[in-house]
Amino acid sequence: MSLMEFVFRRLAAMIPVVIGVTLCMFLISHAIAGDPAIMIAGPRASAETLETIRRTHGLDQPLYKQYFRYLSDISRGYLGESIRNRRPVLQDLKVFFPATLELTLASMLFCLLLGLPLGVLAAVRRNRLADHLTRLFSVIGVSTPVFWLGLMLLLLFYRHLDILPGSGRISVQFAAPSAVTGLYLVDALLDGDLGLFRDAARHILLPAFCLSYVYLAIITRIVRSSLIDSLEQDYIVTARANGLPEWRVVGLHAFKNSLIPTITIVGLSFGELLGGAILTETIFNWPGMGKYVVDSANYLDYPAIMAVALVSSLAYVLLNLLVDVFYALVNPQIRY
Amino acid sequence: MTAPPILSIRGLSVAFQSHGPPGRVVENLDLTLRRGEILGLVGESGCGKSVLARSILRLLPAPPARLTGEIFFGENLENLMAAGPQRLRAVRGGEISMIFQEPMTSLNPVFTVGRQMTEVVRLHTGAGRAKARKVCRDFLASVKLPDPETVLDKYPHQLSGGQRQRVMIATALSCGPKLLIADEPTTALDVTVQSQVLALLNDLTRARGVSTLFISHDLGVVAQLCDRVAVMYSGRLVELAPAESLFGRPAHPYTRGLLEAIPILSAPRAELLAIPGQVPNPADPPPGCRFHPRCGQRLDRCAREVPALTAQGEHWVACFNGHDR
């Protein structure tokens with residue numbers, strides 16, 4: 001079976017997962033307290049108005065009919081209309097999702113650019129000072145609450161040192177770049193606006209690090225332990241006995257083997273981050289899906305909440321597929 | 001006429017620092033390997049054979065391993081204990097190569113055979129990609145792997161144990177080493193495959209004049225293959241002799257015990273003979289001759305003094321009543 005065939009097969013296998021997700025979301029959103037008709041019309045609406053709203057939104061239909069209507073809507077790319085602002089939810093997502101994606105990508109960059117080298121360093125210098133320091137760094141990372149870390153970063157870099165901005169994606173004097181990808185860093189480069197790029201980069205630094213720290217800490221530990229595990233294998237003795245220089249032994253022969261468990265963690269972290277980081281986005285006032293879903297929840301804006309849940313679960317499933325593809329590329333023993 | 005030495009180990013001791021008393025796994029060992037010969041090194045599991053093999057190439061991680069003594073190698077008898085890391089890397093795989101016991105795990109599972117072999121060839125010979133690939137293909141053919149071109153593109157898990165060990169042998173010989181250290185190369189293989197691999201090793205090393213240190217706990221295998229045999233017990237050499245002399249007139253009680261422990265297929269079914277007791281713990285070895293607690297002929301002095309290796313002709317033994325028998 002070719003890789004393409006594998007990918008298509010896995011994509012097809014996603015359909016029941018997505019149906020399951022939509023069903024759960026639908027049921028939960030209907031089980032929670034609160035009458036959406038009242039949310040739309042306001043608390044002082046007359047009984048007739050409420051009845052009309054229920055009819056036009058299909059809220060008077062039996063639950064299964066509402067569900068099938070919902071399914072047929074999303075299959076046509078219609079995610080419903082926000083109760084809060086009467087805009088199609090899809091339109092909102094097009095604004096908020098790229099912000100979250102950009103933040104996620106920047107966080108993953110932190111995870112990989114710091115986590116991989118630190119993990120390798122800790123493994124190679126096992127039980128020496130560098131290992132102990134990275135362990136300390138990791139333990140702090142997994143045990144620090146995100147909201148506290150965010151506030152501390154803000155206090156230090158924004159309030160006291162005043163070297164980094166504290167909120168938003170860009171400073172007020174800049175206009176948003178032309179929306180090609182929705183990622184400001186990429187769009188700014190596409191516009192050739194280096195000043196804007198610098199400003200956007202400075203804005204993303206703190207939230208991205210804040211968001212990445214937990215995952216960075218976990219990835220560091222996973223890389224360390226899997227690399228140590230690889231370094232104890234017989235083929236490492238063979239590689240050394242064949243006179244290979246140490247950087248090739250560690251960086252190539254051991255590292256490629258240690259990537260297999262690492263890919264899982266990186267993929268899962270990526271998927272989790274894509275769902276939107278509620279705390280980080282709130283603290284840094286980052287206009288992403290996390291912030292969007294909080295605001296929507298406050299208004300019981302269930303089409304919006306369901307859309308976010310759908311997008312993040314889709315992202316999760318797709319990333320798992322990506323992880324499997326990477327597995328197959330790294331480990332020849334996996335045949336798909 | 002004896003050939004000049006290719007490897008001369010003098011007073012080698014290997015200790016491991018760990019929690020508790022340091023155990024000396026190899027103690028004050030002298031051993032010389034002559035050019036072109038196959039020297040067998042036998043002993044029970046845990047007697048220090050593999051540690052000795054790995055310490056020749058300085059492959060033991062230090063710490064915890066601590067090596068003392070000298071290891072002279074090559075025509076000029078260069079001291080490997082004094083060699084720098086760069087020189088050591090050139091020796092490893094280039095002038096001394098090694099084959100290991102476990103063919104299933106000794107090859108890296110995520111790289112193709114060709115990738116792993118050419119890496120070594122390119123490193124030591126400076127050959128280009130295409131040239132190295134051709135060299136590897138020829139060596140794979142010389143270890144009688146059918147269709148070497150496709151083997152190059154295979155991953156280790158696509159090969160059988162015997163095929164992988166052939167790949168290991170081909171890699172080990174590919175840079176024209178002067179010395180091959182084979183650490184139980186056939187132990188993990190089926191008996192039929194084992195004899196094929198042995199024959200192959202014998203043919204290839206003798207044809208190329210590669211000296212071989214052949215480590216095994218299988219005396220039958222050693223008898224077939226080796227010119228001389230060294231017997232190790234608890235980190236010390238207890239007997240060293242030409243193969244026919246050692247198997248014909250074993251002088252050390254331990255060697256005799258090993259030989260008696262081999263079941264004979266043609267003999268009527270009798271109780272299997274085993275040497276009573278166990279190999280001593282290297283951290284706490286018995287005083288004197290380390291074999292004396294298990295020896296049937298021990299004298300009083302065996303528990304006090306360490307017997308030195310003494311020669312009768314080519315036959316060396318470290319036992320107080322060794323040659324007298």
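**Exercise 1.** At roughly what angle do the axes of helix 3 of chain B and helix 4 of chain B cross, and within what distance do they come? Describe the contact as well.

*Solution.* The model is a predicted one.

Step 1. Take the axes. Those of helix 3 of chain B and helix 4 (residues 129-142) of chain B cross at roughly 115 degrees and come within 9 Å.

Step 2. Take the handedness. The crossing of helix 3 of chain B with helix 4 of chain B is right-handed.

Step 3. List the residues. From helix 3 of chain B come Met117(B), Thr118(B), Val121(B) and Arg122(B). In helix 4 of chain B they meet Arg129(B), Ala132(B), Arg133(B), Val135(B), Cys136(B) and Leu140(B).

Step 4. Sort them by class. The contact of helix 3 of chain B with helix 4 of chain B has six nonpolar, three charged and one polar residues.

**Exercise 2.** Describe the fold of chain A, then decide how helix 11 of chain A and helix 14 of chain A run relative to each other: parallel or antiparallel?

*Solution.* 

Step 1. Start with the whole chain. Chain A contains 14 helices and zero strands. Its C-alpha trace spans about 85 × 55 × 40 Å along the principal axes.

Step 2. Find the angle. Helix 11 (residues 246-274) and helix 14 (residues 302-330) of chain A have axes that cross at roughly 170 degrees and come within 9 Å.

Step 3. Apply the cut-off. Angles over 145 degrees count as roughly antiparallel. Helix 11 of chain A and helix 14 of chain A are therefore roughly antiparallel to each other.

Step 4. Look at the contact. On the side of helix 11 of chain A, the residues include Leu259(A), Ile263(A), Gly267(A) and Phe270(A). On the side of helix 14 of chain A, they include Tyr316(A), Leu319(A), Val323(A) and Tyr327(A). By class, the contact of helix 11 of chain A with helix 14 of chain A has 13 nonpolar, four polar and two charged residues.

**Exercise 3.** Which helix supplies the largest share of the lining of the largest pocket?

*Solution.* 

Step 1. Give the volume. The largest pocket has about 1,500 Å³.

Step 2. Find its centre. Of the 31 residues that line the largest pocket, Arg240(A), Leu60(B), Pro61(B), Ala62(B) and Pro63(B) lie nearest its centre.

Step 3. Name the helices. Helix 5 (89-124), helix 9 (194-231), helix 10 and helix 11 of chain A, and helix 2 (85-91) of chain B, each supply at least two lining residues. The largest share, four residues, comes from helix 10 of chain A.

Step 4. Sort the lining. The largest pocket has 18 nonpolar, eleven charged and two polar residues in its lining.

Methods. Residues numbered from 1 in each chain as written. Chains lettered and ligands numbered in written order. Predicted model: local features only at pLDDT ≥ 70, side-chain atom pairs only at ≥ 80, totals over all residues. Heavy atoms only, no water. Axes fitted to C-alpha atoms, helices over the stretch in contact; angles between N-to-C directions. Parallel < 35°, antiparallel > 145°, perpendicular 65-115°, else oblique. Contact = heavy atoms within 4.5 Å. Nonpolar A, V, L, I, M, F, W, Y, C, P; charged D, E, K, R; others polar. Left-handed = near helix turned anticlockwise from the far one by under 90°. 1 Å grid on protein atoms, 1.4 Å probe; cavity = no way out; pocket = protein on both sides within 12 Å on 5 of 7 lines; lining within 4 Å. Points joined across faces, edges and corners; volume = space filled by probe spheres on them.
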